[in-house]
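Here is a friendly walk through one structure, written to be read with the model open beside you. Shall we start at a binding site and work outwards?

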Amino acid sequence: MKVKNICCIGAGYVGGPTMSVIALKCPNINVTVVDLNKVRINAWNDENLDNLPIYEPGLSEVVSKVRGKNLFFSNEVDAAIDIADMVFIAVNTPTKTYGEGKGMAADLKYVELCARQIARVSKNDKIIVEKSTLPVRTAQTIKTILDNSGNGVKFEVLSNPEFLAEGTAINDLLNSDRVLIGGNQTPSGKEAIQALVDIYSNWLSPKQILTTNVWSSELSKLTANAFLAQRISSINAISALCEATEADVDEVAKAVGTDTRVGSKFLKASVGFGGSCFQKDILNLVYLCRFFNLPEVADYWEQVIKINDYQKHRFARKIISTLFNTVSDKKITFLGWAFKKDTNDSRESAAIYVANHLIEDGANIHVYDPKVSESKIKADLTYLWELNGLTKTQINNKLSQVFVYKNHSKALNKSHAVAVLTEWDDFKNFDWEKVYHNMYKPAFVFDGRNILNIKKLNEIGFKMYTIGK
Ligand code: UDX
Ligand code: UDX
């Protein structure tokens with residue numbers, strides 16, 4: 001089967017960049033990305049490419065080449081589904097905040113709504129592709145909904161999990177380590193798999209395209225993220241031991257990572273991992289293990305999350321204890337809010353939890369991030385406090401302790417301490433002599449990403465704390 005029209009439901013961090021690259025590499029396929037959110041679609045259609053809703057290096061160049069030619073962004077969901085041969089589901093699947101599985105299971109509400117909408121609208125056979133990360137066996141749920149509420153047309157459901165990392169998404173899409181396509185091992189399932197293989201073959205070699213059964217594909221995504229996050233929690237656990245023993249975590253990571261069996265990537269100690277995927281996917285994995293009565297396996301993976309929480313709290317406690325056991329009414333400057341550099345995404349960023357901890361102790365948090373907006377920063381904290389059951393008045397009181405700047409000098413002026421929460425390259429090039437001059441003394445720097453030049457900053461006079469040193 002030759003795919004001519006693709007529809008992608010969900011114009012987010014995954015749907016937007018993935019479809020832009022497919023459109024770029026497959027000029028004969030029309031790609032329409034739809035979303036319920038009108039503001040987001042308008043931003044994707046904005047003539048000024050600086051206003052795209054997602055900041056991702058290289059994305060605006062790709063969009064400028066294909067938008068209006070074979071890439072379209074629209075709110076007309078039904079129409080786009082109707083003409084598509086292939087529909088990608090890339091809506092968000094956050095951790096449930098209510099009811100059964102609260103705080104653990106993935107909320108599949110939006111995926112189910114998509115399946116029902118596809119079933120209602122479809123008048124011809126279609127291939128449905130799960131892009132969102134989903135618990136194992138969700139494809140079956142989707143298929144059941146499609147087959148029971150549709151108009152008698154045939155659907156094949158594929159799993160094609162996303163492995164792109166934010167900040168490097170375009171490069172990850174263009175030069176993927178692999179793409180994974182899972183489908184039913186029936187003649188029509190294999191035909192559907194081939195249709196998607198043909199799309200990726202426009203720019204990837206056969207050895208970069210893996211095909212599996214649908215359950216392996218779904219589980220591989222959860223497992224891949226769990227393994228990656230596990231490496232970070234492992235090195236972060238060792239960072240605490242390094243601080244107690246005067247070993248240096250970066251030296252340990254290098255020594256361990258030069259063993260080719262281990263590998264050097266993803267061993268950077270930090271204030272803790274964030275992002276929309278790692279925590280959500282591991283919680284989901286833990287939930288699945290408990291559901292299938294595998295408590296030992298569940299406990300094993302849950303520990304990855306517990307160490308991550310420990311690391312964030314340990315960093316916040318270190319700030320408080322170093323600042324003479326209280327940060328009440330002190331100005332703490334946060335450099336960075338995003339969960340990593342080169343993205344405006346702050347979902348589950350360590351900054352949110354460290355800020356919460358310090359605000360609880362009375363600190364005033366002054367934030368500078370090159371890409372995350374003031375409204376997003378305040379929304380992140382408000383969301384956490386609402387989840388914790390705080391009233392509107394309590395939330396407003398806490399928000400009065402948060403200040404956001406577009407300019408780093410103002411954020412740093414008359415500060416008691418600086419905390420680096422994101423590894424933005426710019427921070428290394430600040431005029432640190434001037435920063436020191438304008439701060440209260442002793443001037444403390446807590447580098448949660450180990451990016452600053454410790455020797456130089458110590459010479460200037462800063463009191464430095466770094467992770468695992
Ligand atoms: C994705 C996922 O698909 C998730 O499973 C994965 O783990 C992380 O990446 P992402 O693209 O990062 O999500 O999410 P987001 O930026 O929130 O985009 C999802 C979009 O879907 C939003 O723009 C939202 O408005 C849209 N949406 C959601 C719909 O159009 N319809 C719905 O019913 C629900
Ligand atoms: C991750 C996976 O890498 C990607 O394959 C999957 O599709 C989605 O989830 P993402 O969350 O976008 O991607 O970014 P990633 O680069 O994995 O970073 C996640 C978090 O781990 C960030 O907060 C980052 O700062 C942190 N991290 C990463 C470390 O603390 N140390 C490291 O060595 C690497």
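## Around ligand 2

A polar backbone atom of L164 sits 2.9 Å from an oxygen atom of ligand 2, a polar contact (a pair of N or O atoms within 3.5 Å; within protein, one must be able to donate a hydrogen and the other to accept it, and residues adjacent in sequence count only if both atoms are side-chain atoms). Polar backbone atoms of E162 and G274 each lie 3.0 Å from an oxygen atom of this ligand. On its own, ligand 2 would expose 660 Å², and the protein buries 90% of that; accessible areas here come from the Shrake-Rupley method with a 1.4 Å probe, and for residues only the protein chains shown count as cover.

In total, 20 residues surround ligand 2, the closest being F163, S270, F339, K340 and R449; a residue is near a molecule if one of its heavy atoms lies within 4 Å of it. The shell divides into eleven nonpolar, three polar and six charged residues. For these classes, Ala, Val, Leu, Ile, Met, Phe, Trp, Tyr, Cys and Pro are nonpolar, Asp, Glu, Lys and Arg are charged, and the others, Gly among them, are polar. Helix 9 (residues 214–245) gives the most to this shell, with four residues.

## How to read the model

This is a predicted model, in which local features need pLDDT of at least 70 and side-chain atom pairs count only at pLDDT 80 or more, while totals for chains, interfaces and linings use all residues. Residues are numbered from 1 along each chain as its sequence is written, chains are lettered from A and ligands numbered from 1 in the order in which they are written, and side-chain values use heavy atoms, with hydrogens and water left out.

## Around ligand 1

Ligand 1 also has 20 residues around it, and D35, R40, T93, K280 and R347 are the closest. A polar side-chain atom of D35 is 2.5 Å from an oxygen atom of the ligand, and a side-chain N or O atom of K280 is 2.7 Å from a ligand oxygen atom. T133 takes part through its backbone, with a polar atom 2.9 Å from an oxygen atom of ligand 1. Taken alone, ligand 1 exposes 690 Å², of which the protein buries 91%. Its shell holds eight nonpolar, eight polar and four charged residues.

Is helix 1 enclosed or open? Nine of its eleven residues (15–25) are buried, so helix 1 is largely enclosed by the rest of the structure. Buried means under 20% relative accessible area, exposed over 50%, and partly exposed in between (1.4 Å probe, protein chains only). Helices (H or I, at least four residues) and strands (E, at least two) are DSSP runs, numbered from the N terminus.

T18 lies in this helix and counts as buried because its relative accessibility is 2%. Its side chain makes a polar contact of 3.2 Å with that of E162. Leaving aside residues up to four places away in sequence, T18 touches K131, E162, L164 and L173, where contact means heavy atoms within 4.5 Å.

## The whole chain

The protein chain has 18 helices and 14 strands. Its C-alpha atoms fill a box of roughly 70 × 50 × 45 Å along the principal axes. Buried residues make up 54% of the 469 residues. The chain exposes about 21,300 Å², with carbon and sulfur atoms supplying 52% of it.
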